[in-house]
Amino acid sequence: MLIPINMEVIEQRKAASETRIFKAVFPNTTNHYDTLFGGTALHMMDEASFICATRFSRKRVVTISTDKIDFTKPIPQGTIIELVARVEKVGRTSCVVRVDIFMEDMYSLDRETAVTGYFTFVAIDEDKKPIPMLD
């Protein structure tokens, strides 16, 4: 029998699972415009969101969807980026994680949002069948 989890517990788990990753943008991750490859940004976002969803549920999770990826600013080589992943929505077997990439100039206090996207994960068992996200 499943015991319903109250909203306070869900909010505590959301806060505790927030994931932050910092990276420097080096030439091997940029395109011919000397800005971060979009595919590289997506790879990093999927990784950060996976870690966040796993920390939230403490279950095996898989990415089943990405949605509304907005590249609002190019990220130039030589900047520092911070990926911030937070659980936004929780369903019975799934959760949606928002990931923001902030870019910072290495030699000033300038910081702005460059990319935002949403990643949906499903919790699975050993047979890869959906299971409840939370117990």
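Buried means a relative accessible area under 20%, exposed means over 50%, and partly exposed lies in between, using a 1.4 Å probe and protein chains only.

## Basis of the model

This is a predicted model, in which local features need pLDDT of at least 70 and side-chain atom pairs count only at pLDDT 80 or more, while totals for chains, interfaces and linings use all residues. Residues are numbered from 1 along each chain as its sequence is written, and side-chain values use heavy atoms, with hydrogens and water left out.

## Salt bridges

The structure holds twelve salt bridges, a salt bridge being a side-chain nitrogen of Lys or Arg within 4 Å of a carboxyl oxygen of Asp or Glu. Side chains of opposite charge can pair when their charged atoms come close.

One of the salt bridges joins Lys 14 to Glu 11, with 3.3 Å between the closest N and O atoms. Both residues belong to helix H1 (residues 7-17), and because they are three residues apart there, about one helical turn separates them. Helices (H or I, at least four residues) and strands (E, at least two) are DSSP runs, numbered from the N terminus. Lys 14 is buried at 17% relative accessible area, whereas Glu 11 is partly exposed at 41%.

## Arg 111 and its partners

Arg 111 forms a salt bridge with Glu 82, where the closest N and O atoms are 2.7 Å apart. Glu 82 lies in strand S3 (residues 79-90) and Arg 111 in strand S5 (residues 111-124), so this pair ties together parts that are 29 residues apart in sequence. Glu 82 is buried, with a relative accessibility of 4%, and Arg 111 is partly exposed at 39%.

Arg 111 also forms a salt bridge with Glu 104, the closest N and O atoms being 2.6 Å apart. Glu 104 is partly exposed, its relative accessible area being 21%. Through shared partners, salt bridges join Glu 82, Glu 104 and Arg 111 into one network that also includes Glu 18, Arg 20, Arg 86, Arg 98 and Asp 100.

Met 45 is a residue of helix H2 (residues 38-57). Met 45 is buried, with 0% relative accessible area. Contact means heavy atoms within 4.5 Å. Apart from neighbours within four places in sequence, Met 45 is in contact with Leu 83, Val 99, Ile 101, Val 115, Thr 116, Gly 117 and Phe 119.

Between Met 45 and Gly 91 the C-alpha to C-alpha distance is 21 Å, and the two are 46 residues apart in sequence.
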